[in-house]
Amino acid sequence: FQKACEGESVFALLNESLARVAAVVERCDVFVGNDSGPTHIAAAVKTPTVAVFGPTNPAHWSPRAHRAMTLRALDGDPGKVTVEQVREAVLEVQKRG
């Protein structure tokens, strides 16, 4: 993943309030995360969002936003979602206006 993001600003937010997460994520060019609260926050503040799902059903739980996309391996193993799939999804959500 690091090589795929070479030259880009990639960082993690740890132990921050939800308000702080929303404020930071709103300023991001794109957000990539798992099926979690911060991923839904990113979609809610209209940041282009790629959500990588595991066994939970994206039909019920994926972010509902125009600039959000969900990835999930057929067997529900998030480890089988490739870096290339994530990269392609990032490019797609960034094109959506």
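Helices (H or I, at least four residues) and strands (E, at least two) are taken here as DSSP runs, numbered from the N terminus. The structure is a predicted model, in which local features need pLDDT of at least 70 and side-chain atom pairs count only at pLDDT 80 or more, while totals for chains, interfaces and linings use all residues. Residues are numbered from 1 along each chain as its sequence is written, and side-chain values use heavy atoms, with hydrogens and water left out.

On these terms, the protein contains 4 helices and 3 strands, arranged along the sequence in the pattern α-β-α-β-α-β-α. Its radius of gyration (taken over C-alpha atoms) is 13 Å, close to the 13 Å that the globule rule (2.2 Å times the number of residues to the power 0.38) gives for 97 residues, so the protein is as compact as a globular protein of that length. The C-alpha trace spans about 35 × 35 × 30 Å along the principal axes. Contacts (heavy atoms within 4.5 Å) with a separation of 6 or more include a 27% share from residues 24 or more positions apart.

Residues are called buried under 20% relative accessible area, exposed over 50% and partly exposed in between (1.4 Å probe, protein chains only).

The interior can be described through its nonpolar cores, each a set of buried Ala, Val, Leu, Ile, Met, Phe, Trp, Tyr and Cys residues joined through side-chain atoms within 4.5 Å. In soluble globular proteins, nonpolar side chains tend to be buried together. Here the largest nonpolar core has 9 residues, namely Val50, Val52, Leu71, Ala73, Val81, Val86, Ala89, Val90 and Val93. Both β2 (49-53) and α4 (83-95) supply at least two residues of this core, and α4 gives the largest share, with 4 residues. Apart from this core lies another, of 6 residues, including Val21, Ala22, Phe31 and Ala42. As for Val50, its contacts, not counting residues up to four places away in sequence, are Phe31, Val32, Gly33, Met69, Leu71, Ala89, Val90 and Val93.

The helices α1 and α2 also contribute buried residues. In α1 (residues 18-25), Val21, Ala22, Val24 and Val25 are buried, and their cover includes β1 (31-34) and α2 (37-44). In α2, the buried residues Thr39, Ile41, Ala42 and Ala43 pack against α1, β1, β2 and β3 (68-72). Following α2 comes Lys46, with a positive phi near 70°.

Thr47 sits in the loop between α2 and β2. Is this residue, Thr47, buried or exposed? Its relative accessibility is 2%, so Thr47 counts as buried. Leaving aside residues up to four places away in sequence, Thr47 touches Val25, Glu26, Cys28, Val30, Phe31, Ala42 and Arg67.

Lys95, by contrast, is exposed, with a relative accessible area of 65%.
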